[in-house]
Amino acid sequence: MAKLTSGQVMPDFPFDTPFESGLTLSQTVSQSSGKTALVFLRYYGCPLCQYDIHQYAKQYEALTRSGGQLLVVLQSDPAALAARMTPDSLPFRLVCDPKQTLYRQFDISPAPSQAKMAGPKTLIKLAKVTASGYKHGEYEGEELQLPAAFVMTRERKLEYVHYGKTVDDVPGPKELAQLLK
């Protein structure tokens, strides 16, 4: 499939979380009173991803003040995540895509090489990650995977589409809060 663009309708898909199975994007989006942000990261063992996930969790109230919601997609296995956390560990759902089906479907490509994964802000973010104490966990999925972020209406119309150019090129909580308004 080609990359998604603003104005398109995000295709529906089934998904599992560490604690729920058989959910669909259309059902989840329509249950929100506002917009939905769908953020694709790498996998839970990635320290950059752990940092982003916990920043989203810390800022979740401000992020969703307008009634929106956040879903974070990871290449992690739902059973492996369920063994590491409880259903109330995070205020949002982790969409598990261990076979990377959604990444391929939405053309969220990996970097061509490890050298091309990093950008000018990567070292700054890595310093924050290290200072926060995040350590690399289990490797899962595509190690060179780049992130992506989408914001859609309750009808799944895409209002924001961003394909990351580096491993750290993903909207932070403040930017997502603005996009969910």
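1. Arg156 has a relative accessibility of 18%, so it counts as buried, the limit being under 20%. In this predicted model, Arg156 sits in the loop between strand S6 (148-152) and strand S7 (158-163). Its phi is positive, about 70 degrees, although Arg156 is not a glycine.

2. Asp107 is another non-glycine residue with a positive phi, here about 55 degrees. You will find Asp107 in the loop between helix H5 (101-105) and helix H6 (122-131). With 27% relative accessibility, Asp107 is partly exposed.

3. Now to the charged pairs: the structure holds six salt bridges. One of them joins Glu159 and Lys35, with the closest N and O atoms 2.7 Å apart. Glu159 belongs to strand S7, while Lys35 is in the loop between helix H1 (25-30) and strand S3 (36-40), and the two are 124 residues apart. Glu159 is partly exposed at 41% relative accessibility, whereas Lys35 is buried at 18%.

4. Arg93 pairs with Glu20 in a salt bridge whose closest N and O atoms are 2.9 Å apart. Arg93 lies in strand S5 (residues 93-96) and Glu20 in the loop between strand S1 (14-15) and strand S2 (23-24), so the bridge ties together parts 73 residues apart in sequence. Arg93 is partly exposed, at 26%, and Glu20 is partly exposed too, at 29%.

How values were computed:
Residues are numbered from 1 along each chain as its sequence is written. This is a predicted model: local features need pLDDT of at least 70, side-chain atom pairs count only at pLDDT 80 or more; totals for chains, interfaces and linings use all residues. Side-chain values use heavy atoms; hydrogens and water are left out. Helices (H or I, at least four residues) and strands (E, at least two) are DSSP runs, numbered from the N terminus. Buried means under 20% relative accessible area, exposed over 50%, partly exposed in between (1.4 Å probe, protein chains only). A salt bridge is a side-chain nitrogen of Lys or Arg within 4 Å of a carboxyl oxygen of Asp or Glu.
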